[in-house]
Amino acid sequence: MAFVRTLPVAALAVGAIACGGAQPSGTAASAAAGGAVVIRLTGSDTMVNLDQAWAENYRTVEPDVSVQIAGGGSGVGIAGLIDGILDIAASSRKMEPEEIERATKTAGAAPTEFVVGLDALAVYVHESNPLKSISIEELAEVYGEGGQTVKWSQLGAKSPACAADDIIRVSRQNNSGTYAYFREAVLGRTRELRLGSVDQSGSKDVVALVSRTPCAIGYSGMAYADKGVRALPISKKKGEPGVQPALDTAVNGTYPISRPLYFYSRGTPAPPVQAFIDWTLSDAGQKILQDIGYVPAPRPAQ
Amino acid sequence: MRQRFSTRLGLLAEPIIEWTIRLCGWSAIFFVFAIFFFVFREGAPFLFGKLDLTEFFTSVNWRPDSRIRPQYGVLALIAGTMSVTLLAAVLSVPAGLGAAVFVSEFCPRRVRESLKIVIELLAAIPSVVWGFIGYMVLNPLVIWATGAPIGINILNGGVILALMSVPIIMSVGEDALRAVPDTYREAAIALGASRWQLVYKVLLPAAKNGLLAAALLGIGRSVGETMAVLMATGHAVQIPSSLLDPVRTLTATIASELGEAVEGGDHYQALFVIGTLLMLMSLVVNVTADLVVKGIRGKQNV
């Protein structure tokens, strides 16, 4: 029996990583679990690693409940919630009022929002890049519409590894939650990102591309730091000392680009779903989240 | 008794088989129209409603997810598709037709068989694998060879697409050359033609239609290819100014964005309008090819 339950989770997880966000697969395997309770959880590509670790560990806590994970993006999760094929949507952005309205219509009750952790977006450059730190203002000139910074020498970071000196902006496809959050954190709500960036369809892909491209700069979750790239310290204003992306700086709010990660349940969560969410918010669940590199959710005052 | 039974069966079987085959033929036409209808229907409300056609065809701003003002300009995407396809055609048509001539006319029989197997194997490689090769192998190679700031660009995508379409052009082209009756060859050799004269003056004109079809099939593959170009061209919305600029194609845009677009929303419908545009483009290519072939035939008959 244990086999039957573990297989679909593993298969879905592998699928989610391999496709990096092409298709929602929320309805795939509910029949495979036999009589056991199945919780279907799909959404944010940023959160796939985390969801998976939670699902794996939750099996040891509650062997009769199987949590099926798929990625695809916050939009995929929310769309699945609206279509009624999911129990939980993982999202790295808040649901829009219009989406909440549509989800309420299909489920009969408004989706319940849970903040399950924080994610700090790191700005990555190639390891050979000499840049010490970067400010939000400078980032806006690099990424923003009408921005004037197109060469590394303008930031005082010309390196022999990047002979062409052009800044290659690596970004995300324009409906990912990470894209929307980065745009808001760097440019506010009134300015667009400049077109012509190299858009990747997964958090991991951004880091992988930057690690292979000496001229590149890119943004992705703090947890995705890897060999070949360096996360830049970031300051709010030019001239201020940069703050390294880390657990403590994200929790105390000194690191300027960090955001909440959400679970949205379908209507009021059913008891097994509620139990799972409670567990992710418990010390054990938050420890797992911290091990992967995310920042624990702020606790409500007790 | 037995004979009578089998005769009756034969009488029945004949029309059944005939109708099955007829149905197969008609179903192809039916499916093409059904697909076109459904793709068109999904995008139609937007196409005839909010979409500004002037902006659609003349603007480079593809910002379907803007919170300020969504813009749906596909000029840069069309330029991306055109540039990659053109480069792929320039590389693959001479190479593919040359390979066809070699395999069909110059190659010793034993080498021919093994060569055909290897080239047909090349045609069986899935496009994701080609994309992966572009991303992992060609990317650093292009940076190293050209000094470009990033290695996933038109050059990379064009080379990958050319490699994908050469096997098709070669095998269809080879069939066309084989279909030229041997009497033509014998007559040419009897008149004292060299091998090159035989190919240039007799075989190429005789197999013109088939060779044109081979080239167009190869180009058709390039236009419609999705996964490989998504990974190998860099996926950047911009009008390219050199072969080393990353671009984004129409197909890759649909592939990367449809998963997260809210069903029935403007963005979703805009992607289906792009789908309709792609179908119209291939229709134009096919009809042009048909007319060209007919034109050639007409001349030959005179």
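This is a predicted model: local features need pLDDT of at least 70, side-chain atom pairs count only at pLDDT 80 or more; totals for chains, interfaces and linings use all residues.
## Overall form of chain B

Chain B has 302 residues, of which 36% count as buried. Its C-alpha trace spans about 75 × 65 × 40 Å along the principal axes. Among contacts in chain B with a separation of 6 or more, 72% are between residues 24 or more positions apart.

The secondary structure of chain B consists of 12 helices and two strands. Read from the N terminus, the order of its elements is α-α-β-β-α-α-α-α-α-α-α-α-α-α.

## A helix pair in chain B

Two packed helices are described by the angle between their axes and the distance between the axes. In chain B, helix 3 (residues 75-106) packs with helix 9 (residues 208-224) at an angle of about 145 degrees, and their axes are 9 Å apart. The crossing of helix 3 of chain B with helix 9 of chain B is right-handed.

On the side of helix 3 of chain B, the contact involves Thr81(B), Thr85(B), Ala88(B), Ala89(B), Ser92(B), Val93(B), Gly96(B) and Leu97(B). These residues meet Leu211(B), Ala214(B), Ala215(B), Gly218(B), Ile219(B), Ser222(B) and Val223(B) in helix 9 of chain B. The residues of this contact comprise nine nonpolar, six polar and no charged.

## The two domains of chain A

Chain A is divided into domain 1, covering 6-118 + 260-292, and domain 2, covering 119-252. The contact between them takes 17 residues from domain 1 of chain A and 16 residues from domain 2 of chain A.

On the side of domain 1 of chain A that touches domain 2 of chain A, at least two residues come from each of helix 3 (74-83), strand 4 (112-126) and helix 10 (283-292) of chain A. The residues on that side of domain 1 of chain A divide into three nonpolar, 12 polar and two charged.

## Helices 3 and 4 of chain A

Helix 3 of chain A also takes part in a helix pair: its axis and that of helix 4 (residues 97-107) of chain A come within 7 Å and cross at roughly 35 degrees. Here Ile78(A), Leu81(A) and Ile82(A) in helix 3 of chain A meet Glu99(A), Arg102(A), Ala103(A) and Thr106(A) in helix 4 of chain A. Four nonpolar, one polar and two charged residues make up this contact.

## A covered strand in chain A

Strand 6 (residues 168-172) of chain A is mostly covered, with five of its five residues buried. In a regular strand the side chains alternate between the two faces of the sheet. In strand 6 of chain A, Ile168(A), Val170(A) and Arg172(A) lie on one side, Arg169(A) and Ser171(A) lie on the other, and both faces are covered.

Strand 6 of chain A runs parallel to strand 8 (residues 216-221) of chain A, and three bridges join them. Arg169(A) has Ile217(A) in strand 8 of chain A as its bridge partner. Three bridges also join strand 6 of chain A to strand 7 (residues 198-200) of chain A, again in parallel. The bridge partner of Ser171(A) in strand 7 of chain A is Asp199(A).

## Contact between the chains

Between the chains, 31 residues of chain A are in contact with 29 residues of chain B. Helix 3 and strand 7 of chain A are the elements that give two or more residues to the side of chain A that touches chain B. Helix 3 of chain A gives the most, with three residues. The residues on this side of chain A divide into 12 nonpolar, 14 polar and five charged.

Terms used
Residues are numbered from 1 along each chain as its sequence is written. Chains are lettered from A and ligands numbered from 1 in the order in which they are written. Axes are lines fitted to C-alpha atoms, for helices over the stretch in contact, and angles run from 0 to 180 degrees between N-to-C directions. Helices (H or I, at least four residues) and strands (E, at least two) are DSSP runs, numbered from the N terminus. A crossing is left-handed if the near helix is turned anticlockwise from the far one by less than a right angle, and right-handed if clockwise. Two residues are in contact if their C-beta atoms, placed from the backbone, lie within 7 Å. Ala, Val, Leu, Ile, Met, Phe, Trp, Tyr, Cys and Pro count as nonpolar, Asp, Glu, Lys and Arg as charged, and the others, Gly among them, as polar. Domain bounds come from an automatic or database domain assignment. A residue is buried if 20 or more other C-beta atoms lie within 10 Å of its own, exposed if 12 or fewer, and partly exposed in between; C-beta atoms are placed from the backbone. Two strands pair if DSSP finds at least two bridges between them.
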